[in-house]
Structures are given as C-alpha cells and as structure tokens.
Amino acid sequence: MVPNSATAAALACDNFGCDGHDPNLQSWESGPVSPYGPYQLGGSFLYELRWGKTDGDQYSWARLHYISGSDEQDWSVYVQRCTKDQSSCYWRLGLKHGGASGWTAKIPDGTNYYWTRTPMYYNPSTHMMRACVEDPSGKQSCTPWY
C-alpha cells in the first residue's frame, strides 16, 4: 500500500501494517479526536496529538496549525512511539515540514490558517505515543504521552 493514496482508505487497516497511512483517507469507527492539544507555540503555531480507532485498533498522528507565511516550512511535526516501559522507541515517525505537499490542508474556518499532518501510526495497548514539533533552532516541544 502506498501512503497518501486513495487505495489506503479502501482496505482494512491491520495494526503496524497501517503505519504511514494518511488519516484523512481512513474511515474511523471512533474519533478522530485530540486527547492533547492544541498547544500554543510562539505567535503563529499550535500543535496537537490526534487519535482515532479503525478496524478495532487505535492510531495516532500529529498536526501542526499555522498562519500561512509564518515560515512554516522551517517547522517540523512528527510522532514518537514507545513501549510503556520505554525500552523500545521510535522518535521521528512521519516527520513533515509545515506546508508539506499532500499533507497540508486549509483550515475551513480561517482565511489564512493551515494544518500539516503526519501519517497515522498504530498505538497498541503496550505502547504510548505523543506529538512533537521542532522549531527552526532544533528545539523540540511534545504533548504528554497517550
């Protein structure tokens, strides 16, 4: 399966095999909701962790909100996934820069407001996830673990 393709939504999701799918193309049993965020980051930026359940499994992804023209391409958004004891972690899953082609949409309620999302990642009960952003200087900010 190719991430960000229409065929991703037509097929059933199967845990880690759905890593990298576009959450906007997936059909959801529950959610998507934001258990954490959006959190403010300096003037023009917000970020959040998103959550949804499909085919009986839970998935998470991150979203960066911003005003167009605020140097959004210098900001990165990604998710981190760890086992609950943090013995095994994946740190920069789905990294996208603000304005990434195919992963950015205009927010319907705002004239110049956009969000860039990461792909979705499986979040089984043995793991936890969080959304993170990185500013142009490399400073990282993250949501709590979910």
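Colleague: Is Tyr66 buried or exposed, and how is that decided?

Modeller: A residue is called buried under 20% relative accessible area, exposed over 50%, and partly exposed in between, with a 1.4 Å probe and protein chains only. Tyr66 has 2% relative accessibility, so Tyr66 counts as buried. By contrast, Tyr114 is partly exposed, its relative accessible area being 23%. This is a predicted model, in which local features need pLDDT of at least 70 and side-chain atom pairs count only at pLDDT 80 or more, while totals for chains, interfaces and linings use all residues. Residues are numbered from 1 along each chain as its sequence is written, and side-chain values use heavy atoms, with hydrogens and water left out.

Colleague: Where do Phe45 and Trp75 lie in the chain?

Modeller: Strands are DSSP runs of E, at least two residues in length, numbered from the N terminus. Phe45 belongs to strand 2 (residues 45–54), and Trp75 to the loop between strand 3 (57–67) and strand 4 (76–83); the pair links distant parts of the chain, 30 residues apart. Phe45 and Trp75 are both buried.

Colleague: Why are Tyr66 and Tyr114 classed as a stacked pair?

Modeller: The ring centres of Tyr66 and Tyr114 are 6.3 Å apart and the planes stand at 15°, so this pair is stacked. Tyr66 in strand 3 and Tyr114 in strand 7 (residues 113–117) are 48 residues apart, and their pair also links distant parts of the chain. Together, Phe45, Tyr66, Trp75 and Tyr114 form one aromatic cluster.

Colleague: Which arginines lie over the face of a ring?

Modeller: A charge sits over a ring if NZ of Lys or CZ of Arg is within 6 Å of the ring centre and within 35 degrees of the ring normal. Arg63 lies over the face of Trp115, at 3.7 Å from the ring centre. Arg92 takes such a place over Tyr78, at 5.1 Å from the ring centre.

Colleague: How many disulfides does a search of the whole structure find?

Modeller: A disulfide is a pair of cysteine sulfur atoms within 2.5 Å, and the search finds three. Cys13 and Cys18 form a disulfide with sulfur atoms 2.2 Å apart. The S-S torsion of Cys13 and Cys18 is about -140°, so this disulfide is left-handed. Cys13 is buried at 6% relative accessibility, as is Cys18 at 1%. Cys82 is joined to Cys89 with an S to S distance of 2.1 Å, and this link is right-handed, with 120° about the S-S bond.

Colleague: What can be said of Cys132 and Cys142?

Modeller: Their sulfur atoms are 2.1 Å apart, forming a disulfide. The torsion about the S-S bond of Cys132 and Cys142 is about 105°, so the disulfide is right-handed. Cys132 lies in strand 9 (residues 127–134) and Cys142 in strand 10 (residues 140–142), so the pair ties together parts ten residues apart in sequence. Cys132 is buried at 0% relative accessible area, whereas Cys142 is partly exposed at 23%.

Colleague: What pattern do the disulfides follow?

Modeller: With bonded cysteines counted along the chain, the pattern is 1-2, 3-4, 5-6.

Conventions. Helix = DSSP H or I, 4+ residues; strand = E, 2+ residues; numbered from the N terminus. Phe/Tyr/Trp six-rings, centres within 6.5 Å; stacked < 30°, edge-to-face > 60°.
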